[in-house]
Amino acid sequence: MLDLHLPDLTFPGMTYGKGEVPRDLRRWVYKHGAASGARTVIAKIERGELGRPLLGRIELVRQVHEVISNYLERGGRRRTVLGLIEKLAQLFLWADKTGHELALESIEDSYRHWTDSLLHRVRVGNDLSETTAYNYGNVVGWVLDR
């Protein structure tokens with residue numbers, strides 16, 4: 001198994017419905033992990049199909065996990081947590097597609113490039129609404145600020 005040194009990035013305090021896949025942010029430490037199906041990604045990681053963890057991402061993902069865990073422990077809504085994870089996944093998908101490194105040291109610059117790409121999708125690509133772009137940027141920015 002290639003991820004023995006990774007911290008626990010699950011949410012044991014979160015309740016899940018029958019058949020629902022527990023959230024595990026380890027997927028974001030691997031290139032193309034965000035694009036892998038939630039039901040299969042952990043098995044892919046354990047089989048080494050996603051390669052080695054991207055070391056630069058580990059601390060960033062650990063701190064993102066901490067922010068979300070703290071929110072949940074303070075009584076935050078499960079639905080909000082799922083929304084946070086969904087919107088953050090968009091940042092990791094973008095980074096994997098564009099080759100941007102996501103690391104704690106460079107996240108501010110990466111975030112600006114990502115939000116610029118969201119605006120491009122609104123104005124040029126016409127495949128994203130202005131409201132959706134704003135929501136993605138706002139929610140991800142909220143997590144990263146913490």
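User: Is N126 buried or exposed?
Analyst: This is a predicted model, and the values below are computed from it. The relative accessibility of N126 is 65%.

User: Where does N126 lie, and what is its phi?
Analyst: N126 follows α4 and belongs to the loop between α4 and α5. The residue is not a glycine, yet its phi is positive, near 55 degrees.

User: Which segment holds H32, and what is its phi?
Analyst: H32 sits in the segment before α1. With a relative accessibility of 41%, H32 counts as partly exposed. H32 is not a glycine either, and its phi is positive, at about 70 degrees.

User: How many aromatic pairs does the structure hold, and why is the pair of W28 and F92 stacked?
Analyst: The structure holds three aromatic pairs. In the pair of W28 and F92 the ring centres are 4.6 Å apart. Planes under 30 degrees apart count as stacked. The pair is stacked because its planes stand at 10 degrees.

User: How many residues apart are W28 and F92?
Analyst: W28 belongs to the segment before α1 (41-47), while F92 belongs to helix α3 (residues 78-98). The pair thus links distant parts of the chain, 64 residues apart.

User: What is the angle between the planes of Y71 and W142?
Analyst: Y71 and W142 form an aromatic pair with 6.1 Å from centre to centre. The pair is edge-to-face, a class that needs planes over 60 degrees apart. The angle between the planes is 85 degrees.

User: Which helices does the pair of Y71 and W142 link, and which class of accessibility does W142 fall in?
Analyst: Y71 lies in helix α2 (residues 55-73) and W142 in helix α5 (residues 130-145), 71 residues apart. Y71 counts as buried at 18% relative accessibility. W142, at 28%, counts as partly exposed.

User: Which residues touch the most other members of the largest nonpolar core, and which element supplies the largest share of this core?
Analyst: The core has 41 residues, and those touching the most other members are L25, W28, V64 and I68. At least two residues of this core come from each of α1, α2, α3, α4 (107-125) and α5. The largest share is ten residues, and the element that supplies it is α3.

User: Which residues is V64 in contact with, leaving aside its neighbours within four places in sequence?
Analyst: V64 is one of the residues that touch the most other members of the largest nonpolar core. With neighbours within four places in sequence left aside, its contacts are L25, W28, L88, V143 and L144.

User: Is H65 buried or exposed, and how far is H65 from D24, C-alpha to C-alpha?
Analyst: H65 is in helix α2 and counts as buried at 11% relative accessibility. Beyond its neighbours within four places in sequence, H65 is in contact with D8, L9, T10, F11 and L25. D24 is 41 residues from H65 in sequence, and the C-alpha to C-alpha separation is 9.2 Å.

User: How do the residues of the contact of α4 with α5 divide?
Analyst: Among the residues making the contact are W114 and L118 of α4 and E130 and L144 of α5. The division is nine nonpolar, four polar and one charged.

User: Which elements are included in what covers the buried residues of α4?
Analyst: In α4 the buried residues are I107, S110, W114, T115, S117, L118 and V122. Their cover includes α2, α3 and α5.

User: How far apart are the C-alpha atoms of E130 and W142?
Analyst: E130 is placed in helix α5 and is exposed, with a relative accessible area of 63%. E130 and W142 are twelve residues apart along the chain. Their C-alpha atoms are separated by 18 Å.

Notes:
Residues are numbered from 1 along each chain as its sequence is written. This is a predicted model: local features need pLDDT of at least 70, side-chain atom pairs count only at pLDDT 80 or more; totals for chains, interfaces and linings use all residues. Side-chain values use heavy atoms; hydrogens and water are left out. Rings of Phe, Tyr and Trp (its six-membered ring) pair if their centres lie within 6.5 Å; planes under 30 degrees apart count as stacked, over 60 as edge-to-face and the rest as tilted. Helices (H or I, at least four residues) and strands (E, at least two) are DSSP runs, numbered from the N terminus. Buried means under 20% relative accessible area, exposed over 50%, partly exposed in between (1.4 Å probe, protein chains only). A nonpolar core is a set of buried Ala, Val, Leu, Ile, Met, Phe, Trp, Tyr and Cys residues joined through side-chain atoms within 4.5 Å. Contact means heavy atoms within 4.5 Å. Ala, Val, Leu, Ile, Met, Phe, Trp, Tyr, Cys and Pro count as nonpolar, Asp, Glu, Lys and Arg as charged, and the others, Gly among them, as polar.
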